[in-house]
Amino acid sequence: MIKLDHINKYFGDAHVLKDINLEVKEGEKLVIIGPSGSGKSTTVRCMNFLEEPTSGHVYIDGREITGKNKTKVVRDTTSMVFQQFNLYPHMTVLKNLTLAPIKLHGKSKEQAEDLAYHYLDVVGLRDKATVYPNTLSGGQQQRIAIARALCAQSKIILFDEPTSALDPETIQEVLDVMVKLAKEENITMVVVTHEMGFARQVADRVVFMADGQIIEEGTPEHFFVNPKNDRVKKFLSKIIR
Amino acid sequence: MSGLFSESAWMMVWNYRDTFILGFINTLETSIAAIILSLTLGIVIGLMAMSTSKVLRTINRVYVEFIQNTPLLLQICVLYYALAFSGYKLGILITGIISLGVYHGAYMAEVFRAGIGAISKGQFEAADSQGFSYIGKMYYIILPQSIKIILPPSVNQIVNLIKNTAVLYIIGGSDLISLTYNFVTGATTGGAYAPAYLVCGALFFLICFPLSTLASIWESNLKKKDGMGAAKEKKVAEI
């Protein structure tokens with residue numbers, strides 16, 4: 001479903017991704033962990049070309065994504081949930097959810113609103129349809145952002161540290177929604193997170209990154225029971241409580 | 001003629017009221033066309049400043065700096081006289097529209113640049129991640145958020161543009177200022193300075209004042225809509 005083929009990325013002189021090769025299968029739930037600055041966000045942002053790799057190839061659903069076709073490929077295949085939610089503040093929740101389906105996916109207003117209410121039910125926020133995003137808590141905003149991503153009915157949803165900007169007490173409500181998605185929907189999910197509990201519950205595979213490289217990968221159990229690399233052990237001992 | 005505000009002076013202005021009305025209409029027409037041009041240039045050139053292409057960013061800088069750092073009067077002379085000598089005659093009206101539009105376009109470009117620059121990167125990325133084209137992203141997501149920031153200074157520019165139609169005098173325009181000046185210095189009509197200038201000023205005020213007022217009302221409404229309005233909803237939600 002997603003294939004990163006020898007991806008290198010430079011920001012100026014900084015070599016942030018070093019020859020990344022990674023494949024994600026259809027329906028797979030992949031979790032990427034690692035210390036900050038390890039390139040995990042950049043990796044996931046290369047998957048929808050928010051960052052254009054300096055070299056290498058990205059294939060989504062069999063199509064190579066390039067600077068030229070990225071808008072169309074991304075529209076057809078992927079959605080993203082951001083650390084800072086990035087809801088559109090000048091639109092109500094319902095407008096946030098229906099904008100892309102109406103303008104990009106050829107849905108009628110009625111179809112788009114049905115879809116929006118369906119996914120608002122999934123995230124448990126149907127009663128917030130008519131309010132503006134800035135009236136909501138961080139956790140609620142992120143659940144709306146997830147609903148917005150679902151409204152595109154993409155095969156792939158990319159999560160870039162979806163709980164890192166949240167208050168501790170609202171993290172769980174977002175994780176609950178994500179677990180529900182992982183278990184009920186056949187969506188390919190790539191999740192950059194530090195939430196090992198979440199990884200353990202839903203991940204088919206965990207990838208550990210450091211210094212722009214994939215250091216180790218395996219099942220969540222592998223990481224909990226006997227990670228090989230010392231760096232991974234040290235990191236995990238800090239985040240698994 | 002006795003006294004600045006003598007009855008005969010007022011009569012003179014009244015008898016030649018058509019001159020003032022004509023000037024007023026000419027100024028309005030020139031302004032509207034120039035405003036459209038300056039807004040178009042402002043958006044296009046302003047967006048260039050945000051481009052990833054170095055060429056476009058350079059075009060933006062050269063245009064803005066060159067236009068902002070030379071006098072409008074000089075620009076209009078170059079466009080009218082220098083071009084006339086080389087065989088291209090644009091006509092007074094077209095020259096006025098182009099020079100005012102291009103001049104204020106440079107200021108508009110800076111207004112748009114600031115307005116778009118104030119929107120967080122996350123908004124651009126959210127739009128990109130949904131697969132919006134550049135135009136769609138700007139139209140649905142970025143510009144509606146920038147409008148509050150863009151509106152007040154761009155109305156200032158529009159008001160300035162209307163007042164700057166005065167520079168058309170140098171190429172013999174028939175705008176309000178030029179016609180007023182011709183009136184007060186004319187052989188048969190001369191002398192009625194005070195009433196003529198007063199009328200001219202009143203006519204400018206008549207266009208410019210409602211504009212700036214309208215803009216501030218519009219601006220506060222927009223602010224209310226997603227600022228206070230939202231706060232109100234929050235209160236309701238908390239109750």
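The questions and answers below go through a predicted model and ask what stands behind the words used to describe its parts.

Q: What makes C208(B) and C151(A) buried?
A: Buried means a relative accessible area under 20%. C208(B) has a relative accessibility of 9% and therefore counts as buried, and C151(A), at 2%, counts as buried too.

Q: Why can the pair of F20(B) and F183(B) be said to tie together parts that are apart in sequence?
A: F20(B) lies in helix α2 of chain B, while F183(B) lies in helix α8 of chain B, residues 176–185, so the pair links parts that are 163 residues apart in sequence.

Q: What makes Y139(B) and Y140(B) an aromatic pair, and of which kind?
A: Their ring centres are 5.1 Å apart, with 85 degrees between the planes; since the cut-offs are 6.5 Å for pairing and over 60 degrees for edge-to-face, the pair of Y139(B) and Y140(B) is edge-to-face. The structure holds nine aromatic pairs over all chains.

Q: Why is Y139(B) called exposed, and why is Y140(B) given the term partly exposed?
A: Exposed means over 50% relative accessible area, buried means under 20%, and partly exposed lies in between. Y139(B) has a relative accessible area of 59% and is therefore exposed, whereas Y140(B), at 25%, counts as partly exposed.

Q: What is known of the space in the largest pocket, and which residues lie closest to its centre?
A: The largest pocket holds about 870 Å³ of space, and of the 29 residues that line the pocket, K70(A), T52(B), F124(B), D128(B) and K137(B) are the closest to its centre. Elements that give two or more residues to this lining are α2 (70–77) of chain A and, from chain B, α2 (17–49), α5 (92–117), α6 (121–130) and α7 (134–164). The largest share, four residues, comes from α6(B), and the lining of the largest pocket divides into 14 nonpolar, seven polar and eight charged residues.

Q: Which residues line the largest cavity?
A: The lining is made by S79(A), M80(A), R148(A), A149(A), A152(A), A126(B), S129(B) and Q130(B), and the largest cavity has a volume of about 40 Å³. A search of the whole structure finds one cavity of 30 Å³ or more. The largest share of the lining, three residues, comes from α6(B).

Q: Where does UniProt place the feature "transmembrane region" in chain B?
A: The unreviewed UniProt entry places this feature at residues 20–50, 62–84, 90–109, 166–184 and 196–218 of chain B. In the predicted model, residues 20–50 of chain B are 97% helix and 0% strand, with their end C-alpha atoms 44 Å apart, while residues 90–109 of chain B are 90% helix and 0% strand, with end C-alpha atoms 25 Å apart.

Conventions:
Residues numbered from 1 in each chain as written. Chains lettered and ligands numbered in written order. Predicted model: local features only at pLDDT ≥ 70, side-chain atom pairs only at ≥ 80, totals over all residues. Heavy atoms only, no water. Buried < 20%, exposed > 50% of the residue type's maximum accessible area, 1.4 Å probe, protein only. 1 Å grid on protein atoms, 1.4 Å probe; cavity = no way out; pocket = protein on both sides within 12 Å on 5 of 7 lines; lining within 4 Å. Points joined across faces, edges and corners; volume = space filled by probe spheres on them. Nonpolar A, V, L, I, M, F, W, Y, C, P; charged D, E, K, R; others polar. UniProt positions renumbered as here; feature names shortened; annotations may be inferred. Phe/Tyr/Trp six-rings, centres within 6.5 Å; stacked < 30°, edge-to-face > 60°.
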